[in-house]
Amino acid sequence: MKKITGAEAILRSLVEEGVDTIFGYPGGAIMPIYDKMYEQDHKIKHILVRHEQGAAHAAQAYAQVSGKPGICFATSGPGATNLLTGITNANLDSIPMIFITAQVPSHLLGSDAFQETDMVSLSMPVTKWNFQITRAEEIPEAIAKAFHFATTGRPGPVLLDITKDAQVNELDYRYKKIKSIRSYNPHPKLRDEDLQEAINMIRESKKPMLLAGHGILLSNGEKELLSFMEKTHIPTAVTLLGKSAIPEDNPWYVGMLGMHGNYAPNVLTNEADLIIAAGMRFDDRVTGDLKRYAVKAKVIHIDIDEAELNKNVQTDLPINTDIREFFKAITPKLNYKVSGEWLDEFEKLYQTEYERVIKPECCPSEGKIRSGEAVNVLSDKTKGEAIIVTDVGQNQMYAARYYHFKNPNSLITSGGLGTMGFGLPAAVGAQVGAPDKTVVLFAGDGGFQMTFQELGTIFQYNLPVKMMILNNNFLGMVRQWQDLFMDKRYAETNMPTPDFPKLAESFGIESHIVTDRANLETAVEDMINAEGPYLLEVKIEKESNVFPMIYPGKAVDEIVLE
Amino acid sequence: MKEMYTITAFSENHIGLLNRITIIFTRRHINIESLTVSSSEMKGVHRFTIVIEDEEELVKKVVKQIAKLPEVLRAAYFQNEDIVYREIALYKISIDSAIDKNLEHLLREYNARMVDIQKDFVIIEKTGHVEDTEKLYDILKHFDILQFVRSGRISISKQKKELSAYLNELPINEYVKGDF
């Protein structure tokens, strides 16, 4: 057998697992791998970002739109530590990713060598699994394990830290994918008695409600969910990361849950007599005060991760299985339809929200342009078919609330970690993963400035990303809290912004500023129709607040409209 | 109500797993009373015995988070009455203080034994529950204790089907088999 180097083995193993795109940044310790990539015969496309954090966010978005795991390369020390925000983000949002960081030669480990960081320890709390490779022979098995852990069960990021000598030394290379590992059960079986009990509980319910989370998208269970809804007519709400699992014109779709979610599903959570929580994890931004959550309801919670069951909300029927399998099994066995009256209650509350919040936000006739209005225009012009990437804060909530998502995995946003600066690099990754789709970023002026060096990546690869900066010269969400809870003491939230179009221009990116309502539609059209990348700065109302809102510590039904 | 719980976990023998497990306690600000890691009856499988004092609800969540780790085979928790458990204590006492007092009587009464005698000190060993070794410590305080050390808890469950019986049913990881 021909011996090859560790670096070569890494690339070959990745190709074996179907990898064709890697996001990364070279540096001293990882040079042997990059040197092998230079030979080009692996047909791996490498996207050179401008900062490792950008590589992590880009690879995450790539994973979400392409359905393949996201792959990241970074060198030892600062290259590796720069990934940490991105790894943590992927961990909280259960994204399958493989991070490969280089490490100093094994004989220098632990000696504070140049650019040495104990990356395995640092990444331990924020990865599903990680491993340090110090010998070239360990590479194939470690990579096979990494893919197995990252992509099965509840997906998540894994990290392989590879010493320089392991990259350089030779090994007898043979690759075998891993099918199972004895300590790890990624396919917990649905038990018949649980299924029967779920059927009974649903049959007995008069006011059931389904809460659909990210698990639906992660298990590719959208179709199964829709069949279930169609058969039972159970009103279904989504979490932020569950958005886009259901086309929003579905008659039983009742909106988004949580702090800035829709009025009806939040209020009626406390009227429901049955909550079916499907592939979601009762985040505190969804539940508000746990003691006053789902007060009248029995709870069925289905999740592939057993540790999520009874973690936050006490459950009457915890079911540890894949959500898609659950719907597949239950729908044919269920003869049940919910009464129209229950659905009418949602409709009534929606009308209230529409009159008091949605209409004034989307269709104002005076004052400055509003964020919801800008999102709404884009939604119309793209017919709900664009891939929407957001940063974090008000821009994120407006995008989630006012874009009418049609296709699965078309909202890429930072959920659990709430990472400002996520947006632009994620838009890069989304466009690389879906080159033929329209990818639109909504970012605030603050978050955009956190990672705008990735304009360089957009420029280098001529990625046709459309960027909408909603500029209010404020860190809007923090300002909103200062307004509501801190007596308008705007500590460090007022931020001057650079000339964004000029900035875009320096990267050869087309751009435009829109300040008047009258020009908004044309400006958005021009942006969508542009062939290449395009930056549209929208000057928005300086001090607008996102509503509805469940104030911190309040119950879901205490949600306020203004 | 806070009570004493003993958590037993079986894992692959891989570097870093101890860290991964203790992080779960650190994150929730749980103090580990004692922790013992050793090999189990199955080659390549390690056994963790972790004692914490907390509420059962929380202990359940922690155990699930341990069991969820991809390299952990099984995890479970027990109350004191469900297990047989022991700690071992060693007491180093200066020879001068020991020589006059009735050490023989003490060793007999407390079921302890002398394991080493040197020119300047003697070493006494006692196995039992914390209260037992503590009690002996209180008595020996009247001597000149040069050093005192107590191990973490080791435990075995009183269940008919031992958790560890599960280990025998485990397959060997396929990559380890080397059949390619």
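# A tour of two chains and their contacts

Begin by selecting helix α1 (residues 17-27) and helix α2 (residues 56-67) of chain B, whose axes come within 10 Å and cross at roughly 155 degrees; helices (H or I, at least four residues) and strands (E, at least two) are DSSP runs, numbered from the N terminus, while axes are lines fitted to C-alpha atoms, for helices over the stretch in contact, with angles that run from 0 to 180 degrees between N-to-C directions. Before going further, note that this is a predicted model, in which local features need pLDDT of at least 70 and side-chain atom pairs count only at pLDDT 80 or more, whereas totals for chains, interfaces and linings use all residues. Residues are numbered from 1 along each chain as its sequence is written, and chains are lettered from A and ligands numbered from 1 in the order in which they are written.

Stay with the pair in chain B: α1(B) and α2(B) are therefore roughly antiparallel to each other, given that angles under 35 degrees count as roughly parallel, over 145 as roughly antiparallel, 65 to 115 as roughly perpendicular and the rest as oblique. α1(B) passes α2(B) in a right-handed crossing (left-handed if the near helix is turned anticlockwise from the far one by less than a right angle, right-handed if clockwise). To see the contact itself, show Ile21(B), Ile24(B) and Phe25(B) on α1(B), together with Val62(B), Gln65(B) and Ile66(B) on α2(B); two residues are in contact if their C-beta atoms, placed from the backbone, lie within 7 Å. These contact residues comprise 5 nonpolar, 1 polar and no charged, where Ala, Val, Leu, Ile, Met, Phe, Trp, Tyr, Cys and Pro count as nonpolar, Asp, Glu, Lys and Arg as charged, and the others, Gly among them, as polar.

Now colour chain B by its domain assignment, with domain 1 (3-83) and domain 2 (85-150); such bounds come from an automatic or database domain assignment. The C-alpha centres of these two domains of chain B lie 31 Å apart.

Within chain A, pick out helix α1 (residues 6-16) and α7(A), whose axes come within 9 Å and cross at roughly 30 degrees, so α1(A) and α7(A) are roughly parallel to each other. Here Gly6(A), Ala9(A), Ile10(A), Ser13(A) and Leu14(A) in α1(A) meet Ile139(A), Pro140(A) and Ile143(A) in α7(A).

Finally, show both chains: how many residues does each chain give to the contact? Chain A gives 22 residues and chain B gives 19 residues. On the side of chain A that touches chain B, α6 (119-123) and α7 (139-151) of chain A are the elements that give two or more residues, and α7(A) gives the most, with 3 residues.
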